[in-house]
Amino acid sequence: MTVLDRHAPAPTRRMSTRRRAASAAWRRAFLTPLLVVLAATTVLPLLYMLALSLGPRQGQLTVGAPQGLHNYRDLLTSTAVWHALGLAVVFLVGALVVELVLGLTAALLLDRLLPGNPVVRTLLLWPAVLPPIAVALVFKYLLQGDVGLVSYYLAQVGVDQAWLTEPVSALAVIVAIDVWQYTPFVILLALTALTAVPDEVREAAALDGAGPVAVARRVVLPMIKPAVIAIAMLRFIDAIQVFPTIYALTRGGPGTSTQLLTYFNYQAFFGQLQFGYGAAIAVLVVAFTIVCVMLLLAWQRRAEAS
Amino acid sequence: MSRRRTDGLGPVAKVLAGIFLLVLLAFFTLPTLYAVLTAFQPPLVASRPSPQWLFTPTLDSFRSLFVDYSFIGPLLNSIQSSVGSSLLAVVIAAPAAYALSRGRSSNAGAMGFWLLCARALPAIGVSIPAYAIFNQLGLNDTIVALLLVYLPYNVALATILLRVFLDGVPREIDEAAAIDGAGPVRTLVRVILPVARPGVASVGIMTFLFAWNNFLFPLVLTGSKAATVPLALQQFLGSYTLQWNEVMAGVVLLSLPLILLAVTLGRYLVGGVSAGSVK
Amino acid sequence: MSDVELTRRGALRAALAAGGALVLPGCAAGGLGSGPASGPSLGAAAENYLRRQGEKLGVPSISLLAYSAPQAEAIHQLAPRFTDLTGIAVNWTALDEQSAANKAAVSLGSGSASYDVVHLTSDLLPTYASRGWLADLDRLRRAGTVPGWGTSAYGRATTDLLRWKDTLYAAPMFLGTQLFYYRTDVFRRYGIGTPPRTFAELREVCAKVHGTQLSAIALRSAPSPSQLLFVWSAWLYAFGGSYYRRYADGSYSGVALDSPAAVRSLQLYGTLLRQYAPTGATNWSVEDVTRAFTTGRVAMVQDGAVFGGTFNDPKSSQVAGKVGTFVIPSGTAGRFVPYNCHGWGVARTSTRAAAAWLFVQWATVQATLTAAAAGPVGFSTPPIATIYTSRSYAKKYGFDDFVPSVTRTISVAEDGNVSPLRGDPNYLPGTTDWSTVGQQVSEQLSRAVTGQTSAAAAVRAAAAVVSGR
């Protein structure tokens with residue numbers, strides 16, 4: 001692990017202006033391909049979206065002369081988009097909280113009981129590498145009413161739930177599938193973060209008389225807090241795109257109770273063929289994402305400072 | 001790595017912990033286990049009104065799948081688009097990550113923010129304009145279209161992660177190479193990257209997976225020629241006649257390459273992502 | 001291609017045509033060709049025309065987007081015959097209905113269509129046509145038509161569905177209508193002699209046959225115009241309800257959805273699905289319903305007449321040989337049947353429109369449709385009436401009382417019992433924003449089906465959507 005150990009940056013040296021200019025030049029050159037690619041592949045589509053959103057509500061996919069902000073006006077005054085946004089927030093918070101709580105608990109326990117076990121690592125890894133649509137198909141099969149694995153055995157113990165046809169349980173299912181697929185991965189990442197916690201710190205706390213739970217809570221967790229937030233960030237940028245699960249299992253139903261932001265956007269484009277309106281939604285989703293990233297980064301910076 | 005642990009857990013706590021972990025293990029493995037079992041069930045068994053655990057396994061589902069569906073196309077397309085996307089990402093991100101790593105940290109903060117935003121871009125928002133633009137360029141239903149559209153995501157992630165890895169490569173190595181007369185390019189390619197090989201492997205795998213598992217972009221941008229594996233799986237969804245044993249057989253078949261990947265190269269994947277968190 | 005090669009090809013073709021003309025008359029009657037390789041024969045005049053046009057156009061290939069449904073797959077299997085005749089290869093993309101419709105929208109809306117021929121449904125035709133996405137087929141017809149191709153073969157009810165503002169935008173390839181399929185063995189077991197003829201009888205039968213191992217009924221219920229609305233609207237009309245009050249000159253006025261009839265029909269639909277259907281069936285799409293029937297989980301389904309062959313085929317259904325059919329029950333306002341028409345349209349921005357038009361004609365001419373309907377893939381609802389009385393059709397679909405049920409269903413439709421509004425050929429309102437409105441209406445109504453709200457509240461909300469446009 002030597003390469004990955006944290007290494008303090010070398011102290012700044014006084015460089016001659018010529019050397020400084022030269023080193024700046026190659027850095028600029030190395031950064032240019034990245035900047036060009038990013039600009040072309042992110043700015044262009046976003047501008048296109050903006051242009052579409054300023055056009056007619058239904059319209060075509062080709063950009064015409066801008067007509068005004070009516071799509072945004074319709075959007076912000078409609079309940080549907082806030083409903084979709086609210087569902088997305090519920091999903092994100094629900095999934096992330098469950099994944100982190102379960103993941104950290106399991107990681108702390110595994111760290112104690114089975115440190116450094118490679119079999120564990122492989123077992124925990126592969127749900128996360130499966131295509132989400134494959135996972136969705138498997139759960140569609142398992143959640144079939146009456147005969148699916150889950151429904152059948154739960155019915156034996158008296159739990160008779162129509163998973164995908166009641167709004168709350170349908171949303172819970174979407175959350176649960178995300179939890180299923182990615183909690184093992186969270187466990188893995190947390191395990192790795194835990195290896196950075198030095199034994200001495202733990203032992204010192206234990207010597208002070210703290211039980212294992214207290215050690216975990218007061219010593220270990222605060223130390224890995226920045227890492228935990230980073231894990232949350234990683235999960236966030238994937239989870240906000242949740243689509244195959246909804247597409248395969250509920251198609252936004254029952255009613256609109258699983259029409260999360262991304263699916264709502266997809267419906268506006270493809271289901272309702274409202275291209276201008278859909279473009280405005282897309283711009284809104286981008287704004288929402290940027291805001292969330294800012295918040296998470298700020299939180300992480302604060303955690304690192306303390 | 002073996003470590004002595006002050007095991008402060010009493011026996012009761014250990015048993016409880018063990019039960020908790022076992023329940024978790026069951027939760028995480030049962031679904032796929034049952035899915036795999038179903039793939040080997042004969043059709044009559046698969047449609048019984050309750051889950052069947054005992055049956056004579058058969059390869060019929062796989063056979064009928066091969067007869068009725070063609071997987072070679074999607075498999076090849078997935079391999080091409082994923083490997084290509086991964087290579088592109090590393091080639092573009094490595095120099096940038098190196099520059100960021102060896103540069104002033106003030107720029108890097110802002111850069112990191114924009115990279116994260118690029119990585120979090122909603123796919124719907126990008127796919128529709130991409131479709132329109134690619135159509136004009138005659139790139140409809142091509143692997144190139146996929147490669148282009150995966151770029152922002154993979155390049156952003158690759159840069160973020162590679163930068164962290166390269167931060168971990170001591171500057172002495174740079175200086176030693178400079179003393180030997182190597183310019184920045186040579187230093188990067190011949191000296192730094194080989195040292196950071198696990199990091200590069202991690203990034204390669206993560207970008208490969210992003211491309212392979214992507215569903216929305218192929219759905220919008222490809223048709224019959226460049227369709228990828230997740231789209232093939234989605235065909236099972238909309239089929240009027242497929243029975244569940246065949247659907248599960250398809251899921252198993254198309255997930256196998258990834259499981260193999262996880263088993264063989266898994267440690268790089270973990271190392272990669274954790275580096276991003278343990279910075 | 002050089003002139004020499006062209007003439008050589010032409011000579012070869014002429015020779016083939018001459019030889020083929022000797023064999024053709026024997027194959028034409030009865031419809032079935034000698035196998036997928038040679039395909040259906042269209043008669044010498046048509047085939048010569050196709051050959052000549054193919055050479056004249058010199059187009060190497062066209063792109064086509066279709067649903068992966070039997071009616072398109074059957075044509076796909078015969079498509080090599082088209083390529084043989086015209087030299088135009090067909091790049092075929094088949095996706096499930098939802099994805100294909102999405103793709104079509106994006107492709108047609110992008111201004112430079114990547115598909116020349118598009119499989120579409122009559123429900124979406126007003127939307128596509130009003131946005132200028134489809135080529136004017138009347139104009140293409142005036143420029144040249146395959147001998148023997150004509151809209152009179154399809155009947156007015158059908159072609160009217162593919163017209164918008166009196167212009168034809170697609171050629172019919174499939175009739176979408178529905179009837180009830182039931183398990184003959186289950187009905188016999190419970191002593192049900194005749195299938196239900198009214199909705200009240202339907203409810204009684206459901207109560208009788210529903211059990212833990214086998215549910216009574218399954219119906220499409222997912223919140224989408226093609227799922228919930230397509231099946232339920234016939235019930236709405238049979239109970240006396242309607243979406244609108246008036247239809248005149250192609251436009252609708254007066255929202256009439258909020259009515260006791262609508263509430264009653266929705267209540268029945270939801271009750272049957274909540275009490276007599278498998279758990280979870282209140283959010284089912286067509287593939288869930290068909291899968292439930294073919295795996296023996298339900299005793300009755302109302303779904304596409306196109307599934308007749310599939311349901312009775314041992315290779316794709318576990319209940320083959322035990323399948324019966326009956327026409328949709330009647331209500332107080334009469335008997336109505338779901339009805340739409342699928343067609344092949346040509347993208348307006350296609351650069352190979354003439355070649356695409358050639359394909360569309362080939363695919364919808366009687367000989368091709370007869371061969372497609374009765375071929376190995378087969379679909380049981382071609383848009384030409386005479387096919388239903390042909391020998392090959394009877395041979396393939398003559399199980400139980402399927403053929404009489406289908407022909408009876410189609411005659412109900414042709415009597416005008418498709419929409420409660422006089423003069424309206426559309427089953428679901430043919431408005432240009434139906435994709436939007438219909439989607440939102442189905443979302444509201446599905447909440448009553450799943451039991452989240454009362455039928456009255458759902459109907460009210462749905463009516464508000466329709467009037468709020």
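User: In this predicted model, what makes strand β1 (residues 61-67) of chain C mostly covered?

Analyst: A residue counts as buried when 20 or more other C-beta atoms lie within 10 Å of its own. In β1(C), 6 of the 7 residues are buried, so the strand is described as mostly covered.

User: How do you know which strand pairs with β1(C), and in which direction do the two run?

Analyst: Pairing requires at least two bridges found by DSSP. Between β1(C) and strand β2 (residues 89-95) of chain C there are 7 bridges, so the two strands pair, and they run parallel.

User: Why is chain C called as compact as a globular protein of its length?

Analyst: The globule rule gives 23 Å for 469 residues, and the radius of gyration of chain C is 23 Å, close to that value; therefore the chain is as compact as a globular protein of that length. Chain C contains 19 helices and 12 strands. Along the principal axes, its C-alpha atoms fill a box of roughly 75 × 50 × 35 Å.

User: What share of chain C is buried, and what share of its contacts with a separation of 6 or more joins residues 24 or more positions apart?

Analyst: Of the 469 residues in chain C, 61% are buried. Among contacts in chain C with a separation of 6 or more, 77% are between residues 24 or more positions apart.

User: How do you know that helix α9 (residues 212-239) of chain A falls short of a straight helix?

Analyst: The expected span is 1.5 Å times one less than the number of residues. For the 28 residues of α9(A), a straight helix would reach 40 Å, but the end C-alpha atoms are only 33 Å apart. The helix bends by about 55° at A:Lys225, and a proline, A:Pro226, follows within four residues.

User: What makes up the side of chain B that touches chain A?

Analyst: The contact involves 88 residues of chain B and 81 residues of chain A. Helix α13 (residues 244-277) of chain B supplies the largest share of the chain B side, 20 residues. By class, the chain B side holds 65 nonpolar, 17 polar and 6 charged residues.

User: Which elements of chain C give two or more residues to the side that touches chain A?

Analyst: In this contact, 25 residues of chain C meet 26 residues of chain A. The elements in question are α4 (97-109) and α18 (434-449) of chain C, and α18(C) provides the largest share, 6 residues. The chain C side divides into 6 nonpolar, 16 polar and 3 charged residues.

Note on methods: Residues numbered from 1 in each chain as written. Chains lettered and ligands numbered in written order. Predicted model: local features only at pLDDT ≥ 70, side-chain atom pairs only at ≥ 80, totals over all residues. Contact = placed C-beta atoms within 7 Å. Nonpolar A, V, L, I, M, F, W, Y, C, P; charged D, E, K, R; others polar. Bend = angle between axes of the 7 residues up to and from the residue. Rg over C-alpha atoms; globule rule 2.2 N^0.38 Å. Buried ≥ 20, exposed ≤ 12 C-beta atoms within 10 Å, placed from the backbone.
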